[in-house]
Amino acid sequence: MLSMTLFCMGDFRGARRHADLMLARDVFTDIPPGGSVRFRFGQSVSARIQPAQLLWMQGFPDQAVRAAAAAVEAARTSGHAISLCEALARWSCPILVHVGDLATADSAITELLDLAKLNGLGPWEVFGRCWKAALLIQRGLPERGVPLLRNGLADLRRVKLFNLYNVRFVCSLAEGLASLGEHAEARALVDAAIASSEEKDELWYITELYRLKGDIFLQCGDGDIAERCYLQSIELARQQDALSLELRGVMSLARSSSGRGDRIGARELLATVYDRFSEGFDTADLRTARAMLTENS
């Protein structure tokens, strides 16, 4: 509970410490026979899942993928449907999307949808539809993904079970709208999400909100405001010990700086962040960063 609370507040270092403490003392490794659990889902399975996204955010994408895969397999072996839905929806899907393994993400989303439908787990089916729509946007199909995600988010708000994670889908929706030229609506969505996150101290995705706000301003030709948004995103990521999110902010800033003629400064800034990674060099963001460094060399 401490780990999840700190995660929501954006204290990833503290969240990771408590998650590791939980795992070090986790003796209830199996769900009881018959798949029955005392709470909504298996607490041991949930404890194994928690570090996965933290590992990605802190700059350990390979470890994050392995942690998510191990947690999903443990949930699958348990035979407890809700635990497996939790593992797929809240951790496996985002990790796979973050690292750019979209084919495996699609398979995980399909498994989530099939499992939710088979077991009559309506809220998780809605979550799965939101992931399916977000994946369409990620694959460059916003004309299909945006209307599906609008409907999915509306349904998600009605079930009132995953409100904490709505902000990630709001980002996807805003990204899709911006790619369709609907910049005013996209910016309004992001501004509202930033205000809500700051009001509630739910800061776990605030860096991506500021980065996306910068992207929208840049697309509208306002590079000065865009760069201020990128700098805000980078500073927050550093405070949160979120190296992967810092890299995303720096890549956006480097693109903007390079486009305005500062290719050397953009390369130096990107190189300082890229060089802090020790793994994950085949994941999407690091491949993109490496290509940018080569292009600006």
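Student: Is Arg-139 buried, exposed or partly exposed?

Tutor: Arg-139 has a relative accessible area of 40%, so it counts as partly exposed. The scale is simple: buried means under 20% relative accessible area, exposed means over 50%, and partly exposed lies in between, using a 1.4 Å probe and protein chains only. Before we go on, keep in mind that this is a predicted model, where local features need pLDDT of at least 70 and side-chain atom pairs count only at pLDDT 80 or more, while totals for chains, interfaces and linings use all residues. Residues are numbered from 1 along each chain as its sequence is written, and side-chain values use heavy atoms, with hydrogens and water left out.

Student: Which side chain does Arg-139 meet in a salt bridge?

Tutor: First the general idea: side chains of opposite charge can pair when their charged atoms come close. The criterion here is a side-chain nitrogen of Lys or Arg within 4 Å of a carboxyl oxygen of Asp or Glu. Arg-139 meets Asp-106 this way, at 3.3 Å from N to O. This pair joins distant parts of the chain, 33 residues apart: Asp-106 sits in helix α6, and Arg-139 in the loop between α7 and α8 (142-159). Asp-106 also has a salt bridge with Lys-132, at 2.8 Å. There the link runs from α6 (residues 102-118) to α7 (residues 122-138), across 26 residues. Lys-132 is partly exposed, with a relative accessible area of 27%.

Student: How many salt bridges are there in the whole structure?

Tutor: A search finds 18 of them. One joins Glu-208 and Arg-248 at 3.1 Å, N to O. Glu-208 is in α11 and Arg-248 in α13, so this pair ties together parts that are 40 residues apart in sequence. Both Glu-208 and Arg-248 are buried. They also belong to a network of salt bridges with Arg-211, Asp-215 and Asp-285.

Student: Which residues have the most contacts inside the largest nonpolar core?

Tutor: A nonpolar core is a set of buried Ala, Val, Leu, Ile, Met, Phe, Trp, Tyr and Cys residues joined through side-chain atoms within 4.5 Å. The largest has 76 residues, and Phe-169 and Trp-204 have the most contacts inside it. Helix α5 (residues 81-99) gives the most to this core, with 12 residues. A second, separate core of 21 residues includes Cys-229, Ala-271, Leu-286 and Ala-289. For contacts in general, the rule is heavy atoms within 4.5 Å. Leaving aside neighbours within four places in sequence, the partners of Trp-204 include Phe-7, Phe-12, Met-57 and Arg-168.

Student: Now zoom out: how many helices and strands does the protein chain have?

Tutor: The protein chain has 15 helices and 0 strands. For overall size, the radius of gyration is taken over C-alpha atoms, and the globule rule is 2.2 Å times the number of residues to the power 0.38. With 297 residues, a compact globule would come out near 19 Å, and the chain has 19 Å, which agrees. Its C-alpha atoms fill a box of roughly 65 × 40 × 35 Å along the principal axes. Buried residues make up 54% of the chain. Among contacts with a separation of 6 or more, 62% come from residues 24 or more positions apart.

Terms used: Helices (H or I, at least four residues) and strands (E, at least two) are DSSP runs, numbered from the N terminus.
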